[in-house]
Amino acid sequence: METAIKLLEHERIDELQRNGYRIIQNEQEFCFGMDAVLLSGFVSVEKKERVLDLGTGTGIIPILLEAKTEGEHFSGLEIQAGMAKMAGRSVALNGLEEKIKIVTGDIKEASKIFGKASFDVVTCNPPYMNQNHGLKNPNQPKAIARHELLCTFEDVAREAAALLKPGGRFYLVHRPHRLPELIGTLKNYRLEPKRMKLVHPYAGSEANMVLLEAFRGGRPQMRVEAPIIVYERPGVYTREIYDIYGY
């Protein structure tokens with residue numbers, strides 16, 4: 001049952017094209033992007049599985065996964081209290097309080113907050129830029145979302161490995177230029193990359209995103225799937241993108 005929600009300054013409600021769900025976003029802070037939507041389409045969640053999204057931001061990934069899968073319960077962890085409250089109001093807006101829980105906390109403490117080996121699936125759309133890449137946005141919520149100011153990818157991999165049950169799965173979206181580091185870090189924490197999909201803006205262009213699935217304790221063998229092409233031509237998505245978005 002939908003709940004009436006009062007919007008704060010600069011907030012808006014966007015349609016998600018899934019189950020009639022909607023989401024609150026603050027246009028002055030951080031709005032979810034295509035990377036989060038593509039990650040939600042890449043993730044596999046089975047019946048009765050429990051899912052945690054690290055650095056959940058607006059709560060978009062737990063909300064979309066609840067809409068798209070038959071998972072039992074979804075949690076989101078967000079360090080920014082204001083963002084976590086906004087995500088929690090989006091959960092309430094859609095009447096999903098029994099299926100989704102938003103928790104305020106630090107990714108670096110995630111396994112202490114939730115307990116070790118407590119999830120079947122962990123997801124993350126982490127900050128892409130480390131200290132060597134890009135200028136930090138002076139707008140703090142955007143800077144935290146895009147730059148490794150509050151956690152590194154090693155923090156994310158370490159906590160994902162601790163949070164997952166044996167055989168559990170970790171899903172992430174990142175930038176291809178960091179693939180050697182990503183794979184090496186995952187393997188250091190016994191998260192074995194099993195599936196990879198590259199995302200290209202246009203056919204024939206360089207990839208600008210990579211989706212990865214890793215198993216806790218899996219054997220070394222990775223499948224590289226057919227890539228996702230975002231645009232047929234400028235301003236026109238491919239059929240696959242429309243399908244992922246639910247149009």
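Tutor: Please keep in mind that this is a predicted model.

Student: Where is G33 found?

Tutor: G33 sits in the loop between β2 (22-26) and α1 (34-42). From C-alpha to C-alpha, G33 lies 9.5 Å from I60 in space, while the two are 27 residues apart in sequence.

Student: How should I read the packing of two helices?

Tutor: Two packed helices are described by the angle between their axes and by the distance between the axes. Here the axes of helix α6 (residues 153-163) and helix α7 (residues 179-188) come within 9 Å and cross at roughly 35°, and the crossing in which α6 passes α7 is right-handed.

Student: Which residues in α6 and α7 meet?

Tutor: On the α6 side they are F153, E154 and A157, and these meet E181, L182, T185 and L186 in α7. Sorted by class, this contact of α6 with α7 has 4 nonpolar, 1 polar and 2 charged residues.

Student: Is D155 buried or exposed?

Tutor: D155, which lies in helix α6, has a relative accessibility of 11%, and because this value falls under 20%, D155 counts as buried. Leaving aside residues up to four places away in sequence, D155 touches I107 and K108.

Student: What does the side chain of R195 reach, and where is R195 placed?

Tutor: R195 belongs to strand β8 (residues 191-200), and R195 is buried, with a relative accessible area of 11%. The side chain of R195 reaches the backbone oxygen of F42 at 2.8 Å, and a polar contact of 3.1 Å joins the side chains of R195 and E225. When residues up to four places away in sequence are not counted, R195 touches F42, Y171, L211, L212, E213, M222, R223 and E225.

Student: How many disulfides does the count come to?

Tutor: A disulfide is a covalent bond between the sulfur atoms of two cysteines. In this model, where a pair of cysteine sulfur atoms must lie within 2.5 Å to qualify, the count comes to 0 disulfides.

Student: Which accessibility classes do C31 and C124 fall into?

Tutor: C31 is partly exposed, with a relative accessible area of 24%, whereas C124, at 1% relative accessibility, counts as buried.

Methods: Residues numbered from 1 in each chain as written. Predicted model: local features only at pLDDT ≥ 70, side-chain atom pairs only at ≥ 80, totals over all residues. Heavy atoms only, no water. Helix = DSSP H or I, 4+ residues; strand = E, 2+ residues; numbered from the N terminus. Axes fitted to C-alpha atoms, helices over the stretch in contact; angles between N-to-C directions. Left-handed = near helix turned anticlockwise from the far one by under 90°. Contact = heavy atoms within 4.5 Å. Nonpolar A, V, L, I, M, F, W, Y, C, P; charged D, E, K, R; others polar. Buried < 20%, exposed > 50% of the residue type's maximum accessible area, 1.4 Å probe, protein only. Polar contact = N/O pair within 3.5 Å; in protein donor to acceptor, adjacent residues only side chain to side chain.
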